[in-house]
4 protein chains.
Amino acid sequence: MGNTFGNLFRIHTYGESHGPALGVIIDGCPAGLTIDTDFIQVELDRRKPGQSKITTQRKEADEFEILSGVFEGVSTGTPISILIRNQDQKSKDYSHIADKFRPSHADYTFHAKYGVRDYRGGGRSSARETVARVAAGAIAKLLLKEHGITTSSFVSQVGSLQLTKTYTELDLTKTEDNIVRCPDAETAEAMIELIDQTRKNRDTIGGIITGVIQGVPAGLGEPVFDKLHAEIGKAMLSINAVKGFEFGSGFEGVKLNGSEHNDVFYEEDGVVKTRTNHSGGVQGGISNGQDIYFNVAFKPVATIMKDQESINTEGDSVTVSGKGRHDPCVVPRAVPIVDAMAALVIADYLLISKTNRL
Amino acid sequence: MGNTFGNLFRIHTYGESHGPALGVIIDGCPAGLTIDTDFIQVELDRRKPGQSKITTQRKEADEFEILSGVFEGVSTGTPISILIRNQDQKSKDYSHIADKFRPSHADYTFHAKYGVRDYRGGGRSSARETVARVAAGAIAKLLLKEHGITTSSFVSQVGSLQLTKTYTELDLTKTEDNIVRCPDAETAEAMIELIDQTRKNRDTIGGIITGVIQGVPAGLGEPVFDKLHAEIGKAMLSINAVKGFEFGSGFEGVKLNGSEHNDVFYEEDGVVKTRTNHSGGVQGGISNGQDIYFNVAFKPVATIMKDQESINTEGDSVTVSGKGRHDPCVVPRAVPIVDAMAALVIADYLLISKTNRL
Amino acid sequence: MGNTFGNLFRIHTYGESHGPALGVIIDGCPAGLTIDTDFIQVELDRRKPGQSKITTQRKEADEFEILSGVFEGVSTGTPISILIRNQDQKSKDYSHIADKFRPSHADYTFHAKYGVRDYRGGGRSSARETVARVAAGAIAKLLLKEHGITTSSFVSQVGSLQLTKTYTELDLTKTEDNIVRCPDAETAEAMIELIDQTRKNRDTIGGIITGVIQGVPAGLGEPVFDKLHAEIGKAMLSINAVKGFEFGSGFEGVKLNGSEHNDVFYEEDGVVKTRTNHSGGVQGGISNGQDIYFNVAFKPVATIMKDQESINTEGDSVTVSGKGRHDPCVVPRAVPIVDAMAALVIADYLLISKTNRL
Amino acid sequence: MGNTFGNLFRIHTYGESHGPALGVIIDGCPAGLTIDTDFIQVELDRRKPGQSKITTQRKEADEFEILSGVFEGVSTGTPISILIRNQDQKSKDYSHIADKFRPSHADYTFHAKYGVRDYRGGGRSSARETVARVAAGAIAKLLLKEHGITTSSFVSQVGSLQLTKTYTELDLTKTEDNIVRCPDAETAEAMIELIDQTRKNRDTIGGIITGVIQGVPAGLGEPVFDKLHAEIGKAMLSINAVKGFEFGSGFEGVKLNGSEHNDVFYEEDGVVKTRTNHSGGVQGGISNGQDIYFNVAFKPVATIMKDQESINTEGDSVTVSGKGRHDPCVVPRAVPIVDAMAALVIADYLLISKTNRL
């Protein structure tokens with residue numbers, strides 16, 4: 001369990017950070033979708049490490065191979081299997097932590113759960129796992145594009161440094177203009193400076209990504225347990241290092257009165273709209289046709305370039321020393337992952353919605 | 001889809017607020033569990049309306065009947081079906097909104113999705129749906145009790161009025177001592193006053209519930225998509241009116257450096273512990289044996305006793321007038337629901353964990 | 001696990017033969033379907049005991065109540081819960097077998113699996129469980145009717161007495177004309193005589209039901225594991241007392257050469273057809289638009305009115321004496337159950353097929 | 001849908017016969033299992049073509065690569081991904097059928113379902129798909145071996161030529177002694193002769209495989225829909241060319257009276273046994289500790305070396321000529337596939353059974 005996501009548009013992933021490969025099977029992609037392989041590579045490149053001074057210097061080619069499910073450039077309805085080989089996996093880097101539990105990593109919990117674990121670079125719990133999500137998310141995005149749906153995520157906070165504009169005040173096409181992926185140039189600069197300073201301090205820092213999904217028709221989402229925002233929330237909380245999720249008015253909304261918070265309906269040119277969007281595009285778990293937007297909180301990366309106390313598998317006190325090449329802040333590289341997970345949820349619910357009515 | 005929750009300890013619910021009944025099937029409850037029916041009633045009573053001046057005055061007996069799966073007081077391993085009949089369902093109260101879309105309700109989205117809807121009192125999207133969750137959660141709690149696991153939720157914020165103590169500074173056994181379900185007597189009084197004032201203003205207000213799960217052994221949770229906190233998050237986000245979820249350090253944690261945020265391991269009397277618990281008891285999606293704690297944000301109830309603009313199914317402008325008996329603030333009554341959902345997740349993951357190792 | 005059937009058109013059942021009730025939740029029924037309650041009762045009546053001299057004389061009213069999911073006579077897209085109360089449950093009849101394992105019943109295996117069991121009349125393993133299938137199947141049939149699909153099952157063999165005509169040589173509307181449910185009057189008479197004689201011998205006998213599904217469009221079914229016939233096969237094998245399933249040419253087909261067995265395609269009036277139908281309407285797991293037909297083998301009912309050797313829960317030798325009111329042959333009453341399961345599979349795959357293409 | 005099998009021990013497969021590769025993810029394999037890679041190769045070799053004069057002369061190396069989930073020779077609890085590259089894929093062989101529907105193949109049904117299809121050698125509907133099943137089945141068998149459970153399948157019929165001994169009268173270790181995989185040397189010789197003659201006639205022929213599972217403890221299986229034999233039945237019916245499944249007394253059992261068919265319990269050395277085993281090791285859907293045995297009927301292979309009438313995608317009459325290298329009879333090579341599917345079901349239900357009791 002745990003390596004499958006989605007119901008009808010469904011993915012299965014596998015792979016350890018230092019094993020031979022990672023990959024994903026996308027099952028349930030409708031037949032007849034043109035598979036733009038260049039686009040998949042673009043998405044993988046957005047996620048890949050070694051892109052700038054504020055990300056890990058680890059190099060990964062992240063070239064992919066489609067093993068099945070695509071014939072003459074088009075999806076056939078059968079499972080699309082995408083393989084990404086690992087490269088540059090310096091396993092020796094990790095021998096020093098084979099029997100140690102790194103603080104706030106998954107070392108101890110994997111050990112407690114399974115008794116054995118692949119200790120090389122986090123194994124299955126490595127953030128490298130997300131490469132499979134991004135590959136699958138690219139296919140989902142191609143499907144969404146056919147329906148006029150887009151996902152646009154960006155960095156809205158690093159440490160205490162907060163972007164003060166809301167997404168409606170920003171030009172979201174500018175997100176890729178800078179290495180921190182914040183569409184506001186000025187704030188981006190400050191964020192980059194903060195991350196770089198943190199890196200020089202051999203430390204790490206957290207941040208927030210805001211996600212925006214536009215063009216979703218009214219009627220997606222399932223009542224009760226599989227509410228659209230609940231599934232998006234789970235999707236985001238499943239990303240490594242995420243500690244919180246809120247959509248629409250979120251945590252701030254609790255302070256409002258109902259008379260302030262309610263979104264008034266009106267109709268314009270035959271289209272139902274709301275004057276405000278505290279609902280974040282979802283009411284009763286079902287999309288209402290307005291923009292879906294949400295925030296995802298990422299903790300500071302656990303691997304720091306400092307000595308830390310811990311214990312080993314025997315329970316003895318040990319010192320853990322940060323080595324290797326790690327991100328000082330995860331949010332810039334997590335932007336395409338948030339996008340991918342959002343796209344996967346919408347693609348899945350889009351298919352589900354085809355069966356709602358007689 | 002959407003009416004099932006859980007994998008091995010799995011529930012299926014049904015029912016509309018003004019139909020004949022609501023109910024739940026609990027499938028996968030291990031055989032041999034003593035089913036304490038008094039306890040189920042206690043849990044249902046905690047959720048039921050009409051308990052105090054700050055909750056809706058609607059009366060519901062919420063008596064339940066077990067239809068299957070229990071023989072001579074013990075679970076048999078077959079599905080446990082629990083039925084709760086509706087009473088006091090004044091359908092006439094709702095005729096005025098049959099063709100109107102109430103602001104920030106699920107009326108429009110159900111209409112968009114299904115084409116038809118049971119407009120009486122919210123139908124399936126009514127908060128009454130949660131009675132089935134609480135009944136099922138009671139069974140889950142009985143199972144958790146056998147494993148020494150407890151869930152303790154309480155109200156930690158109403159509007160802007162915030163409980164300043166953390167859960168470790170509180171006596172969680174005092175939660176039921178007051179009608180707002182805040183274990184701090186002084187804060188509770190202020191919260192009650194705020195809610196009562198809001199009610200008199202014919203308005204509503206939001207709030208936050210903090211959940212605490214104690215006694216969970218290390219090793220529960222699935223890597224990648226079904227991380228323990230991701231499933232808890234989805235469980236909470238699936239509750240009506242929830243807008244956000246955070247666990248451990250949550251949104252505040254993004255401001256910290258890794259060196260501050262990391263939880264240092266140590267061993268005491270052969271038990272692995274952490275000096276801090278920013279991780280909120282979950283690392284890499286798997287429980288580490290420390291307390292699991294989280295916050296759940298609830299928006300203000302959408303039904304207010306004021307006139308509001310809206311549209312009807314024809315797209316015409318209409319006025320919606322709040323009628324009936326509704327909660328001015330949902331959090332006091334949502335406490336047992338948060339508890340129930342937490343218990344359901346842990347019960348499920350407890351069963352899953354039995355299959356992790358050879 | 002084990003009490004849910006289907007993927008999108010999905011049912012969850014519960015209930016013991018001598019508990020308060022049995023029931024089913026139908027989740028995933030599209031909104032907008034007119035729910036003909038008279039038809040549901042007709043279907044339940046076809047299954048119910050006490051109909052004739054060749055079925056058990058036990059009386060069950062089998063009146064049902066719809067608890068949810070239907071509003072103003074139409075499905076709303078939310079779960080349809082159907083409740084059937086037990087009546088006439090003479091629990092005393094079963095006290096004599098509380099600690100005995102009846103031969104070829106599920107007493108021992110339930111005991112081995114769960115440690116506890118509801119020994120009254122078979123509990124969950126009673127054929128009474130199928131009442132929930134028939135109720136759900138009636139909803140599925142209403143959905144299929146909208147698509148011009150019909151299911152027609154009939155008894156084609158009792159003991160060694162075999163109907164010599166194939167389904168294409170029979171008038172399937174005559175199945176209900178006699179109490180054994182064989183559309184050939186002459187064979188029916190012989191079957192009735194054989195069953196009645198068996199009953200007088202205080203014994204039981206097996207039989208075969210042939211199922212026919214007509215009007216299924218080409219394209220239903222999933223490649224690989226969820227082939228259409230594999231799911232129909234599982235559906236049938238899940239019915240109590242079933243020992244075998246074959247479709248199309250079945251077991252006899254193994255004797256043929258490929259040149260004899262292959263079904264030649266041709267087109268007539270723009271419709272693709274096959275000259276023979278050894279494939280039984282399914283090729284590569286997907287329907288080809290021809291009739292789907294299959295046979296289901298039922299063993300003789302295990303409860304016989306004779307003394308039999310066995311053991312009790314202590315492993316001691318005991319004698320088990322058949323008491324109560326039981327069917328001498330299960331096939332006449334199993335006809336509507338076969339129909340119901342066939343309808344459930346087709347309804348499910350019909351919904352799945354809506355998501356196959358872009 | 002359709003490419004996943006199992007609940008807890010769960011596999012996901014992908015791949016077309018003439019694409020780059022086929023593969024499988026095994027999710028849910030317990031941690032700590034020693035993965036004997038030699039054994040996996042042995043199993044793959046048993047299935048692979050080109051083994052003898054009575055199988056296709058197509059050569060496939062069927063070398064596999066484990067991409068994840070195994071560390072230092074032991075399963076880690078994370079998904080085990082196994083990749084098998086295609087070789088010797090002469091795509092040109094298939095150009096002549098790109099727009100033709102071969103009789104009794106899946107060409108037409110895939111076309112009807114998806115609108116597009118990979119016509120090269122059957123694509124996803126090719127029997128080559130089973131290589132992934134066998135690889136996964138090998139892992140399942142390694143798990144079963146730890147629990148003392150074995151699966152032993154053999155050919156019991158080819159065309160009308162039937163093995164007259166039951167499995168209890170045979171030495172099942174001799175199955176691999178001949179190329180047709182029938183443990184009775186004399187019958188094997190006749191079967192080989194029959195298949196070879198059929199091949200020379202440019203035709204094909206069907207057959208039956210008998211499966212035997214020994215060492216299964218009492219208590220595996222789920223009541224109602226997921227009965228153990230129903231899942232085994234589905235597993236078998238999902239194999240290409242299968243037309244029927246029966247277990248225990250099967251279709252012949254319908255002719256018996258209950259007094260003949262019932263299996264009398266007795267206890268020997270503290271172990272519960274039955275004097276006969278018409279039940280085929282399963283009662284009420286749950287294993288009773290006796291041998292599980294069943295028959296699987298395979299139709300003659302659809303590809304014959306003769307000209308056949310058919311139509312093309314335009315509905316025009318065409319002639320289809322058998323080319324390429326195909327099996328004259330599928331059963332010898334299907335033996336390891338039946339074994340694999342049986343092992344997958346038992347492995348899955350073994351894990352499920354760990355959660356039955358408190």
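1. A residue counts as buried when its relative accessible area is under 20%. Please keep in mind that this is a predicted model. With that cut-off, D:Tyr167 and D:Tyr293 are both buried.

2. These two tyrosines are worth a look together. Their rings form a tilted aromatic pair, with 5.3 Å from centre to centre and 40 degrees between the planes. D:Tyr167 belongs to the loop between strand E9 (161-162) and helix H4 (185-200) of chain D, while D:Tyr293 is in strand E16 (residues 292-298) of chain D, so the pair ties together parts that are 126 residues apart in sequence.

3. How many aromatic pairs are there over all chains? The count comes to 38. In one of them, the ring centres of C:Phe245 and C:Phe247 are 6.4 Å apart and the planes meet at 20 degrees, so this pair is stacked. Both C:Phe245 and C:Phe247 are buried.

4. Chains A and B also deserve a moment of your time. A:Phe101, A:Tyr108 and B:Phe265 are joined into a cluster by ring pairs. The charged end of A:Lys243 sits over the ring of B:Phe247, 4.0 Å from the ring centre. In the other direction, B:Lys243 has its charged end over the ring of A:Phe247, 4.0 Å from the centre of that ring.

5. Finally, a helix in chain D. Helix H7 (residues 331-353) has 23 residues, which at 1.5 Å a residue should span 33 Å; the C-alpha atoms at its ends are 32 Å apart, which agrees. Is H7(D) enclosed or open? Of its 23 residues, 22 are buried, so H7(D) is largely enclosed by the rest of the structure.

Methods:
Residues are numbered from 1 along each chain as its sequence is written. Chains are lettered from A and ligands numbered from 1 in the order in which they are written. This is a predicted model: local features need pLDDT of at least 70, side-chain atom pairs count only at pLDDT 80 or more; totals for chains, interfaces and linings use all residues. Side-chain values use heavy atoms; hydrogens and water are left out. Helices (H or I, at least four residues) and strands (E, at least two) are DSSP runs, numbered from the N terminus. The expected span of a helix is 1.5 Å times one less than its number of residues. Buried means under 20% relative accessible area, exposed over 50%, partly exposed in between (1.4 Å probe, protein chains only). Rings of Phe, Tyr and Trp (its six-membered ring) pair if their centres lie within 6.5 Å; planes under 30 degrees apart count as stacked, over 60 as edge-to-face and the rest as tilted. A charge sits over a ring if NZ of Lys or CZ of Arg is within 6 Å of the ring centre and within 35 degrees of the ring normal.
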